[in-house]
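Welcome to a short tour of a protein model. Have the viewer open beside you and follow the headings as you read.

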Amino acid sequence: MRLSQLFAKPSKNEGLDYKIDSHRLLTQAGFIRESTAGRYYMLPLGIKVHQNIEKIIRDHMNKAGAQELIMPVLHPIDLWEETNRTTTTGFELMKVEDRRGAEFALGGTAEEMAVDLVRKFNISYRDLPFNIYQFSMKFRDELRARGGLLRVREFVMKDAYSFSTEEQFQDIYEQMWDAYINIFADMDLKVDVAAADNGYIGGEYCHEFIVESEVGESRYLVNSKTGEAWHEDVAVQEHGDKNTNEKEAKLEEVDAPRGKTMEDGAKHHNLPMWQQIKDVLYFDEATDRYVLAIIRGDLDVNEAKLTHVAKAWDLRAASDEEIIDDLNSAPGFISPVGFVKKGVKSGKEAVMVADKSLRSIRNAYGGANKKDKDLLNINIDRDYQPDIEGDIAMAEPNEAMIEKRGIEVGNIFQLGYHYSNLMDSAEYTSKEGKREKYYMGCYGIGLGRTMAAIVETHQDEKGIIWPASISPASLHIVAMRGGEDQAEKLYESLVSSGVEVIYDDRDLSAGAKLADADLIGVPLRAICSEKTSKKDVIEVTSRSDGDTQMLKADELLNTLKNS
RNA sequence: CGGGGUGUGGCCUAGCGGCUUAAGGCGCCUGCUUUGGGAGCAGGAGAUCGUGAGUUCGAGUCUCACCACCCCGACCA
């Protein structure tokens, strides 16, 4: 590829105000260009990288016995209605209509399509297990696109769906786990594998493959000894006993002219934060009821955990009006003691969910459902009885657990019978001739996000440093004054040998060409100058460590072919 | 969806009611010159100032609405 002819050349003054390195570097170097928020053009240099990522994934998927196919991008809306996902998806489903008025969802993930395809065939136990996958554009009407390729509204995903018996499933899950480890290793990405929450996808367990990065959106905890990791939404922790040896004292209401925060409460009573009860009030739009979450004052509520424990779907914070008018309470002074069972105006149900940490304290204090009134010596069971008790606490780092942030580049889900239960005829014929539901899993990798994660972890102040396996080229040739003929010859011979080469044949200053080479980030750079031309050698420099050696043309070819 | 911010040639910025022809830098084009870290000189093309209303004798500049984008929160590959 001659840079003089390349469409979408590097330009250092594009994207200067982008906050995320990968967003800025990929834009400056001419790999991507934004269309509108969250939608990107993948430019000629970018698509090379994208294709290399795709190839690595495909190789490992095929090696693991998965079979590639491609599904329609428009999904008949009835399929999504069959599984109730028109309303419960975490991402906003995008819909389109054809001229006959038939409704389609723009595919954001394809579990229903995979099941619908499989049930069109007459499957028996002899066909199981199998795993089908595709690379295709996914559409998600994200509330907020962010950070270049990190969070977009359209992206290519490798999505795989496995069909098996329950007994066969564990092997497939492990096989995909291993394949993912190899895929990311081939891209020189270090990943943590964290147990995570299945969310709207369904099923009972899943694992996220996360590249540690400050700009990532996943918060997770890693056991420093075993390396085992948990996404914050599923991390379970013991929060220790505080004062359960104390005797239960008499419940007492006191005047408490204070602010509305937890800090105000602790300061006013001069008592430790952990002895306070934290009350967070939600409303679940899906089940149309209030959910009062209560927890020990030094801990925070994790909404994903609360969603599970309360069997809710769509939690939002309750408004001050709802707290005052419907629940007879006061913002900042909500209390489980005497908390209403239903809204006094709306009649809507109100459930109380208590974190297990409340069992670790005695004689707690907190609001009294009245402005500027607090209760002292609140005790669970005696003074309030939660409807549900469980783990709804946000995990915190401690001696054993390190907190990390990262970019979720892939995940593997156990789906179990979730879809085969919801969808008709999601069955195979067993050895005994009976119709049985199949057991499923699904496995996704976002290619653009992976590309961004690589740039986040492979760069310096001058630009990108691509791992050789996914670099847009093996070599970047820079022709200096007096080296043009040598560069031409080298370029032609490498191209005819099938080597991917970027050749900077532009009429620019040496500095400009070198700076662009650093920005683009090809792992090896060759310089042809008057000096090298005379000696009939080529100056080859490593982008990562700057090591330089003088090589004959055929030595260089060998180096490239062996790398 | 809530909060904050920004919209002026491809990019960055100036202009903030009347200096009239919207200015400058980067980039782009032409010519000369130059080639080991983003060169120089000369010339040139390119904007009805996000959109639409309104105020005014007069709007890039003031008001309102809308739109787009960026940043912060709740979701995910």
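## Two crossing helices

Start with helix H2 (residues 44-63) and helix H11 (residues 447-457), whose axes come within 10 Å and cross at roughly 105 degrees. Because angles from 65 to 115 degrees count as roughly perpendicular, H2 is roughly perpendicular to H11. On the H2 side, Val49, His50, Ile53 and Glu54 make the contact, and they meet Leu447, Thr450 and Met451 of H11.

If you sort the residues of this H2 and H11 contact by class, you find four nonpolar, two polar and one charged. As a reminder for reading such a list, an α-helix has 3.6 residues a turn, so residues three or four places apart point the same way.

Chain A has a mean pLDDT of 92, and 99% of its residues reach 70 or more. The model also scores ipTM 0.90 and pTM 0.92. A word of care for any prediction: where pLDDT is low, the predicted coordinates should not be read in detail.

## The chain as a whole

Zooming out, chain A holds 15 helices and 31 strands. Its C-alpha atoms fill a box of roughly 95 × 65 × 50 Å, taken along the principal axes. Of the 563 residues in chain A, 42% are buried.

## Helix H13 and its cover

Helix H2 comes up again when you look at helix H13 (residues 510-520). Which residues of H13 are buried? They are Lys513, Asp516, Ala517, Asp518 and Ile520. Helix H2 is part of what covers them, and the cover also includes strand E26 (463-464), strand E27 (475-479), strand E28 (501-504) and strand E29 (524-528).

## A three-stranded open sheet

Next, find the open sheet whose three strands are ordered E4-E6-E5, with antiparallel pairing. Strand E4 (74-76) and strand E5 (94-97) are at the edges with a single partner strand each, so one side of each has no neighbour in the sheet. From one strand to the next, the twist averages 40 degrees.

Within this sheet, E5 and strand E6 (residues 103-106) run antiparallel and are joined by four bridges. To see one pairing in the viewer, pick Met94, whose bridge partner in E6 is Leu106.

## A hairpin with a positive phi

Strand E18 (residues 364-367) and strand E19 (residues 373-378) are also paired in the antiparallel sense, here over three bridges. Gly367 has Asp374 as its bridge partner in E19.

Five residues lie between the strands in the hairpin of E18 and E19. In that hairpin, Asn369 takes a positive phi, near 60 degrees.

## One more residue to look at

Finally, click on Asp320, which lies in helix H9 (residues 320-326). Why is Asp320 classed as partly exposed? It has 13 other C-beta atoms within 10 Å, and the partly exposed class applies because that count falls between the 12 or fewer of an exposed residue and the 20 or more of a buried one.

Technical notes. Residues numbered from 1 in each chain as written. Chains lettered and ligands numbered in written order. Predicted model: local features only at pLDDT ≥ 70, side-chain atom pairs only at ≥ 80, totals over all residues. pLDDT = per-residue confidence, 0-100. Axes fitted to C-alpha atoms, helices over the stretch in contact; angles between N-to-C directions. Parallel < 35°, antiparallel > 145°, perpendicular 65-115°, else oblique. Contact = placed C-beta atoms within 7 Å. Nonpolar A, V, L, I, M, F, W, Y, C, P; charged D, E, K, R; others polar. Pairing = 2+ DSSP bridges.
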